[in-house]
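This briefing is meant for a reader who is new to the structure shown below. Please keep the sequence and the model in view while going through the points.

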Amino acid sequence: MIVESPAKAKTIEKYLGGDFTVVSSKGHIRDLAKGNKAIDVQNGFEPTYIISEDKEDVVKELKKLAKKANEVWLATDEDREGEAISWHLCEALGLKPLEAKRIVFHEITKSAIQEAVNNPRKIDMDLVAAQQARRVLDRIVGFELSPILWRKLNGGRGLSAGRVQSVAVRLIVEKEKDIIAHQSKSYFKVVAYLLAEKDGKPAAFKAELSKKHETLQDAEAFVQSCVGAKYTVKNIEVKPGKRTPAAPFTTSTLQQEASRKLYMNVSRTMMLAQRLYEAGHITYMRTDSVNLSEQAMQQVGGQIANLYGSQYHQRRTYKSKTANAQEAHEAIRPTFMDKIDIKVDDDQLRLYQLIWRRTMASQMADAELERTTAEIEISTNKQSLIAKGEVIRFEGFLKVYAESVDEDNVEEETDNDSAILPPLVSGQVVDLKELTATQRFTAPSARYTEASLVKKLEELGIGRPSTYAPTINTIQQRGYVEKPVREGVQREYTIVKLDAKQKVTQVVKTETTGADKNKLAPTDLGILTCDFLVQNFENILDYSFTARIEQEFDDIANGQLKWNDMLKEFYAPFKHSIEHTIENAERVSGERELGVDPKSGLRVIVRMGRFGPMVQIGEQLEGGDKPKYAKLKPNQSLSSISLEDALSLFDLPRHLGEFEGTDLIIGEGRFGPYVLHDKKYYSLKKGVDPMTISMDEAVAVIEEKRNSVLRTFEGTDISIVVGRWGPYIKAGKKNVKLPKDADINKLTLEEVQKLADAAPEKKSRWGAAKGKSKK
């Protein structure tokens with residue numbers, strides 16, 4: 001029996017008798033060939049697959065085992081990707097796909113495995129075709145688009161464009177543009193803190209004015225009008241309410257809640273969930289179904305009654321809000337509901353318990369509430385304050401779990417609905433403790449977190465459970481998107497206050513605004529690439545078009561559409577757009593003029609250069625002086641940098657003074673800031689500001705580097721130094737790994753030179769050896 005992972009093989013083997021040997025393919029074994037021979041566009045988009053280099057030994061071993069075995073069973077995951085892996089295994093091992101025994105299961109438990117073995121099926125070629133269509137289409141898009149980015153974008157060399165990834169970047173770019181365009185407006189929010197008797201003591205509660213004042217003058221006038229006022233309870237309304245539990249986890253909702261509650265990114269969540277699944281602790285983790293099996297519902301119901309009482313149990317069925325939800329037949333749930341604690345590492349346990357709680361809550365009774373709203377009239381101006389309170393009469397599912405919400409769904413100022421009000425009756429006069437009119441500001445919508453981006457992609461019908469994590473990972477790795485830490489800026493705001501002694505005061509305070517971390521923001525390269533693609537390939541980046549492509553993959557999986565017919569319909573207009581763009585699109589650099597350098601009188605621009613965003617002073621004129629260049633700092637962008645900030649980048653190199661009779665200079669080059677001393681360069685650590693580093697700090701950098709040199713060889717540029725991973729040979733610009741058994745103190749110059757000569761030349765990012773052209 002062949003599965004994808006060694007961990008999964010180990011768990012399954014425990015449940016099968018001696019008739020089976022369970023082995024792992026260690027993931028995919030074949031992929032499309034490299035280059036333009038991978039897909040025969042003229043012959044029905046016929047793909048050419050090759051065995052991956054790193055899987056050749058795996059396939060050899062599988063072939064040996066297959067020859068010895070009476071039968072080969074395929075037990076890869078139950079989604080389209082798993083079905084495709086089973087088909088590739090058949091092709092590589094010489095098995096017949098329509099005769100091979102294929103089994104699927106939603107959980108790795110003894111009963112589930114035995115049930116699957118008793119009911120094998122054939123490979124579903126419609127699912128294979130759907131996965132093949134996705135792989136071929138994505139290769140075509142990437143293979144055709146990427147060279148255009150290399151030719152048409154400054155800094156585009158080495159870029160690659162993906163179909164779903166580009167749409168995800170567009171969402172993030174558009175969000176950032178909305179944030180930049182947002183014009184914050186101030187207003188004043190009025191809140192009164194009042195006192196009423198509770199258990200013989202004064203109890204404070206909060207009441208708010210629904211009207212917001214737009215100016216300080218209006219706010220001051222309102223507060224002044226409240227001087228000497230009585231506050232009378234005019235009306236009280238008590239209503240029953242309820243809260244209903246959320247459905248069990250799908251891939252998307254698990255990623256969202258793990259981000260909100262456990263602060264895990266999407267990739268880590270999926271890695272931990274994969275481990276829990278392979279160890280038999282949870283059901284399959286790539287699913288968009290919210291169903292629970294009958295057996296699972298009985299388990300959950302029994303566990304609820306046992307732990308909390310039957311009054312907490314309410315049997316529920318859920319319907320997926322996601323169109324065409326079919327990746328798996330069940331939601332993500334524990335395989336055994338009576339296991340609250342399992343023997344795994346801390347992070348796996350936290351994720352497991354989150355899944356356990358969500359599954360339990362999904363079958364529990366509503367939380368019953370009592371919501372109270374009190375209207376309190378101000379005698380001097382007849383305006384009304386509103387106080388809201390909420391009391392939980394029956395916890396229901398809240399005893400186990402409460403769903404979190406995204407930042408965009410939280411009011412800027414919470415209305416404190418969940419506060420408990422003291423006993424109030426109509427006509428009662430309450431005392432004023434304090435009334436404030438506080439200046440607040442409208443805020444732009446929040447940047448996407450990984451989890452909220454997944455939610456948006458799912459809402460738009462873009463991608464599937466298996467694609468969310470790879471998509472978000474890829475756009476960050478390619479440098480289109482990052483998670484910058486924004487410290488924020490100080491902002492003043494005004495508070496007008498009326499105290500219990502009827503005295504009005506005004507105070508100005510400061511707060512930090514704009515602070516941000518772990519939010520997705522586009523880089524300059526991401527913005528430039530996105531704008532270029534939207535301008536020239538609007539269809540590819542259109543949300544509804546991308547969702548329609550996903551629907552067509554579903555149609556292929558359901559046997560309603562031929563995969564190569566779908567590709568044929570897509571390819572003709574796409575190829576036309578490629579040819580039109582190559583012929584007509586101009587090269588893009590994102591150039592923006594900032595002004596004139598007061599020292600030289602030359603024009604100052606920012607643009608994308610070969611090595612990233614940069615500032616340029618002057619033009620490249622024949623026979624004239626060369627322009628000056630400076631890299632933008634990580635927290636600066638082409639769209640927002642000012643002339644003043646741009647010119648300050650040219651303050652380097654800085655001459656700090658002399659050390660050991662030689663000038664000590666701070667500069668910045670292609671690989672970042674450095675200290676230059678005696679013709680040697682010493683890199684500054686990440687986070688060290690080259691504009692503020694002192695003489696003492698620079699000397700410390702030099703001495704630290706010197707202390708890392710273990711041996712030198714006189715008359716040569718060869719030395720043995722200690723680095724992050726241990727000692728190594730430095731021969732000119734070449735770094736050479738030392739043998740494990742090497743005695744550093746006994747190595748001769750000849751032995752070191754021999755090791756250096758035998759080491760391969762370091763390759764550049766384009767694949768050629770450094771310093772050599774690749775024809």
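**Helix 7 and the wider model**

In helix 7 (residues 216-225), the buried residues are Ala 219, Phe 222 and Val 223, where buried means under 20% relative accessible area, exposed means over 50% and partly exposed lies in between, with a 1.4 Å probe and protein chains only. Viewed down the axis of helix 7, these buried residues fall within an arc of 95 degrees, so they line one face of the helix; the arc is taken from the directions that run from the helix axis to the C-beta atoms. This is a predicted model, in which local features need pLDDT of at least 70 and side-chain atom pairs count only at pLDDT 80 or more, while totals for chains, interfaces and linings use all residues. Residues are numbered from 1 along each chain as its sequence is written, and side-chain values use heavy atoms, with hydrogens and water left out.

**Packing of the helices**

- The buried residues of helix 7 pack against several strands, among them strand 9 (186-198), strand 10 (201-209) and strand 12 (367-378), a contact being heavy atoms within 4.5 Å.
- In helix 4 (residues 110-118), the buried residues are Ala 112, Ile 113, Ala 116 and Val 117.
- These residues cover an arc of only 135 degrees around the axis, which puts them on the same side of helix 4.
- The buried residues of helix 4 pack against helix 1 (6-15) and strand 7 (73-74).

**Glu 450**

- Glu 450 lies in helix 12 (residues 450-460), and Glu 450 counts as buried because its relative accessibility is 7%.
- Leaving aside residues up to four places away in sequence, Glu 450 touches Asn 265, Val 266, Ser 267, Ile 472, Gln 476, Lys 483 and Leu 520.

**Overall make-up**

- The protein holds 19 helices and 30 strands, which are DSSP runs numbered from the N terminus, helices being H or I of at least four residues and strands E of at least two.
- Of its 775 residues, 47% count as buried, and the C-alpha trace spans about 95 × 80 × 60 Å along its principal axes.
- Among contacts with a separation of 6 or more, 69% are accounted for by residues 24 or more positions apart.

**Confidence**

- The mean pLDDT of the protein is 88, and 95% of its residues reach 70 or more, pLDDT being the predictor's confidence in each residue, from 0 to 100.
- Over residues 764-775 the pLDDT is below 50, and this stretch has 16 contacts in the model beyond near neighbours in sequence.
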